[in-house]
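Please take a look at the structure below.

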Amino acid sequence: MGQEERTEDGNRPAFQELCQHAVRLATATPVPPSRLLLRADGMTVELEWAAATASLTTIQVDPPTSMSTDTAVTAGTSGADGVEYLRAPMVGTFYRAPGPDAKPFVEEGDIVEVGQQIGILEAMKLMIPVEADRAAHIVEVIAVDGTIVEFGEPLLTIVPLDAA
């Protein structure tokens, strides 16, 4: 038997694809799962939601047609003078820049457009671009570079351009 193909990081392509599908499924639901189990060779994915929320929503997730995992942040109103938050779309380590010595994607005072990258979330060794879901003025960068953020945690304080 020949040696099975592996990616640069030593993982099998099927395992890497399994991780990407799990991230897509976990972020496609309004409430994050309370438990996630992955297995490589047997190709098992198990997501579990708390009993109180499990019956609220059933979501059909079709297999992706591409391997893209771009993720837009979700906005939420803070209630003060049109100021809102751009919130984390999933759990992960938040990075403000593409590398340790690189310039941050956005700074306080910047104007961002829909789809503009504002950061990166690292989850399960995957680097997932985080994009703005609306045009806005960045008032404050809340999330600290290199820290773990939770689903729905505010990353940036913004004033949407349509509210200005």
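Arg-96 and Glu-107 form a salt bridge, with their closest N and O atoms 3.3 Å apart. Both residues lie in the loop between strand 6 (92-95) and strand 7 (111-112), so the pair ties together parts that are eleven residues apart in sequence. This is a predicted model, so the distances quoted here are computed from its coordinates.

How do the two partners differ in exposure? Arg-96 has a relative accessible area of 19% and is buried, because that value falls under 20%. Glu-107, at 33% relative accessibility, counts as partly exposed.

How many salt bridges does the protein have? The count comes to three. Another of them links Glu-84 with Arg-134, where the closest N and O atoms are 2.9 Å apart. Glu-84 belongs to strand 5 (residues 83-87), while Arg-134 sits in the loop between strand 9 and strand 10 (136-141), so this pair ties together parts that are 50 residues apart in sequence. Side chains of opposite charge can pair when their charged atoms come close.

Arg-134 also meets the side chain of Asp-133 in a salt bridge, at 3.5 Å from N to O. Through shared partners, Glu-84, Asp-133 and Arg-134 are joined into one network. Glu-84 is buried at 13% relative accessibility, whereas Arg-134 at 26% is partly exposed. Asp-133, at 29%, is partly exposed as well.

## The overall layout

Now for a step back to the whole chain. The protein has two helices and twelve strands. Read from the N terminus, the elements follow the order α-β-β-α-β-β-β-β-β-β-β-β-β-β.

Of the 164 residues, 29% count as buried. The protein exposes about 9,800 Å², and carbon and sulfur atoms supply 51% of that area. Among contacts between residues at least 6 apart in sequence, 55% join residues at least 24 apart.

## How strands 7, 10 and 12 pair

Strand 7 and strand 10 pair in the antiparallel sense over two bridges. Strand 10 and strand 12 also run antiparallel, joined by five bridges.

Which residues stand opposite His-137 in these pairings? Ile-111 stands opposite His-137 of strand 10, and in strand 12 the bridge partner of His-137 is Val-159.

## Thr-157, a buried residue in strand 12

Thr-157 has its place in strand 12 (residues 154-160). Is Thr-157 buried or exposed? With 7% relative accessibility, Thr-157 counts as buried, because the value is under 20%.

Leaving aside residues up to four places away in sequence, Thr-157 touches Val-83, Glu-84, Tyr-85, His-137, Ile-138, Val-139, Glu-140 and Ile-142.

## The nonpolar core

The largest nonpolar core holds 23 residues. Which of them touch the most other members? They are Val-112, Ile-118, Val-149, Leu-155 and Leu-156.

Several elements give two or more residues to this core: helix 1 (13-27), strand 8, strand 9, strand 10 and strand 12.

## Two positive phi values in one loop

Met-124 and Lys-125 make an interesting stop. Met-124 is found in the loop between strand 8 (117-123) and strand 9 (126-131), and Lys-125 lies in the loop between strand 8 and strand 9 too. Met-124 has a positive phi of about 50° although it is not a glycine. Lys-125, also a residue other than glycine, has a positive phi near 65°.

What about their exposure? Met-124 is partly exposed at 35% relative accessibility. Lys-125 reaches 71% and counts as exposed, because the value is over 50%.

## Where to read with care

The mean pLDDT of the protein is 73, and 52% of its residues reach 70 or more. Over residues 51-78 the pLDDT is below 50, and this stretch has 51 contacts in the model beyond near neighbours in sequence. Where pLDDT is low, the predicted coordinates should not be read in detail.

Notes: Residues are numbered from 1 along each chain as its sequence is written. This is a predicted model: local features need pLDDT of at least 70, side-chain atom pairs count only at pLDDT 80 or more; totals for chains, interfaces and linings use all residues. Side-chain values use heavy atoms; hydrogens and water are left out. pLDDT is the predictor's confidence in each residue, from 0 to 100. Contact means heavy atoms within 4.5 Å. Helices (H or I, at least four residues) and strands (E, at least two) are DSSP runs, numbered from the N terminus. Buried means under 20% relative accessible area, exposed over 50%, partly exposed in between (1.4 Å probe, protein chains only). Accessible areas come from the Shrake-Rupley method with a 1.4 Å probe; for residues, only the protein chains shown count as cover. A salt bridge is a side-chain nitrogen of Lys or Arg within 4 Å of a carboxyl oxygen of Asp or Glu. A nonpolar core is a set of buried Ala, Val, Leu, Ile, Met, Phe, Trp, Tyr and Cys residues joined through side-chain atoms within 4.5 Å. Two strands pair if DSSP finds at least two bridges between them.
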